[in-house]
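Here is a short briefing to read alongside the model. Please have the sequence and the 3D view open as you go through the points.

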Amino acid sequence: MASALPSWLMQRYAKFLEKFDGDWFDASDAAKILEDSDQNLTNVVLSELRKKGWLVTELNPEDNRKRLYRLKSPSAVIREMAASPREERPAVFEPLELNQIYCGDCLDLMKRIPSDSVHLAVTSPPYNVGIAYDNHKDTLSYDEYLDWLKEVWAETKRVLVSGGRFALNIAPTGINDFKPVHHDFASQLRDLGMIFRTEIIWYKQTMLKRTAWGSWKSPANPHIIPSWEYVLVFSKDKWRLDGDPKNADVTKEEFMKFSDGMWYIPPETQRNGHPAPFPEELIYRLIKFYTYRGNTVLDMFGGSGTVAAVATKTGRNFMHMDLSKEYCKTADRRVNEAKGALKQTKLLLATA
Ligand SMILES: C[S@@+](CC[C@H](N)C(=O)[O-])C[C@H]1O[C@@H](n2cnc3c(N)ncnc32)[C@H](O)[C@@H]1O
């Protein structure tokens, strides 16, 4: 029986339909349509379409180590969905548990987070600049990219408690194809009714590596190199976050330092097999400044698990999700290491 598709999968189904209609095709034909040279994304898309009942597959009679695929027509899947009795639909609303690593599409998974349950969402979405993630294709059209993320922001707002915060990290785009993506995200979130409370400049101290000057020493066409990233911070409904003052654990020195909105933090050097991990210091500051101990912190594009690991180390709950199994494995390892480090610290304190 067919079930509804998330938009990222529906977009790929539509591309296949345009090319293959009701014809059989193989994975390499599909990879060409998705311009996916290593077939990682294609394999995920084909497997998800099959699981959701939008695709049939059989062994290739000419080479039975390979498979052939055929799309079901839109009218066939709609008929199946309409005929499917309620109790046979997958139980997608089983709520997510705290402090677990979830591997899957964030829009599917976020639907399983109860409303008004997250105190801080902090994330860095795929930047859509062609980064080689494990199985996310980072080259949507700009409009597709914005439409997709607006759905994610709407879910983010739903799951935040009143007064909950959303810290959204985004880098300025490249010089050649500059898009004001931080402005567009801010407009989307304000359209959704979020309060835009501040922006933090994360100065990455990377100017030493600089090469692209544009017109060197000439006003003809000099380039400004983005040596910073933004952290745009929003609140849901109101500015204040309620909590027990006993659980506010930011120190006086930290508070004074973090409330200056220019944060000098070098990029992460320990990449943990991920192309774009957060530095732990950035997340530590956001968590300590914006949440109470015991609060829940969500990263819906969790990657190598920096948010989950730092939340664990600082006594917060986390919700982590990522499309890539590889990154989820890394996140799991980092959380376990963080738990070990926490136990050791407590032990040291107890014996001191
Ligand atoms: C900029 S990276 C985040 C890195 C993370 N902040 C860290 O510290 O490792 C964006 C992540 O989004 C993931 N991703 C892409 N599409 C996704 C989707 N639909 N659902 C969940 N995760 C997705 C990618 O696999 C990638 O790890």
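This is a predicted model: local features need pLDDT of at least 70, side-chain atom pairs count only at pLDDT 80 or more; totals for chains, interfaces and linings use all residues.

Residues are numbered from 1 along each chain as its sequence is written, and side-chain values use heavy atoms, with hydrogens and water left out.

- Helices (H or I, at least four residues) and strands (E, at least two) are DSSP runs, numbered from the N terminus, and two strands pair if DSSP finds at least two bridges between them.
- Strands of a sheet pair through backbone hydrogen bonds, in a parallel or an antiparallel manner.

- Strand 4 (residues 118-123) runs parallel to strand 9 (residues 296-299), and two bridges join them.
- Within this pair, Leu120 stands opposite Val297 in strand 9.
- Strand 4 also runs parallel to strand 5, with five bridges between them; here Val122 has Ala167 of strand 5 as its bridge partner.
- Strand 5 pairs with strand 7 in the antiparallel sense over six bridges, and Asn169 stands opposite Val231 in strand 7.
- How many of the eleven residues of strand 5 are buried? Ten of them are, so strand 5 is largely enclosed by the rest of the structure; buried means under 20% relative accessible area, exposed over 50%, and partly exposed in between (1.4 Å probe, protein chains only).

**Two helices crossing**

- The axes of helix 1 (residues 7-20) and helix 3 (residues 40-51) come within 10 Å and cross at roughly 95 degrees; axes are lines fitted to C-alpha atoms, for helices over the stretch in contact, and angles run from 0 to 180 degrees between N-to-C directions.
- Helix 1 and helix 3 are therefore roughly perpendicular to each other, a term that covers 65 to 115 degrees, whereas angles under 35 count as roughly parallel, over 145 as roughly antiparallel and the rest as oblique.
- On the helix 1 side the contact (heavy atoms within 4.5 Å) is made by Trp8, Leu9, Arg12, Tyr13 and Phe16, and on the helix 3 side by Leu41, Val44, Val45, Leu46, Glu48 and Leu49.
- The residues of this contact divide into nine nonpolar, no polar and two charged; Ala, Val, Leu, Ile, Met, Phe, Trp, Tyr, Cys and Pro count as nonpolar, Asp, Glu, Lys and Arg as charged, and the others, Gly among them, as polar.

**Around Gly294**

- Gly294 lies in the loop between helix 9 and strand 9 and is partly exposed, with a relative accessible area of 43%.
- Gly294 and Asn317 are 23 residues apart in sequence, yet their C-alpha atoms are 6.4 Å apart in space.
- Leaving aside residues up to four places away in sequence, Gly294 touches Gly315, Arg316 and Asn317.

**Salt bridges**

- A salt bridge is a side-chain nitrogen of Lys or Arg within 4 Å of a carboxyl oxygen of Asp or Glu, and by this rule the count comes to 16.
- Glu281 forms one with Arg285, the closest N and O atoms being 2.8 Å apart; the two are four residues apart in helix 9, about one helical turn.
- Glu281 is partly exposed at 33% relative accessibility, whereas Arg285 is buried at 4%.
- Lys329 and Glu326 are joined with their closest N and O atoms 3.2 Å apart, and both lie in helix 11 (residues 325-351), three residues apart.
- Lys329 is exposed at 54% relative accessibility, while Glu326 is partly exposed at 42%.
- Arg333 and Glu337 meet in a salt bridge of 3.1 Å, N to O, and lie four residues apart in helix 11.
- Arg333 is partly exposed at 37%, and Glu337 is partly exposed at 49%.
- Salt bridges that share partners join Asp249, Arg293 and Arg316 into one network.
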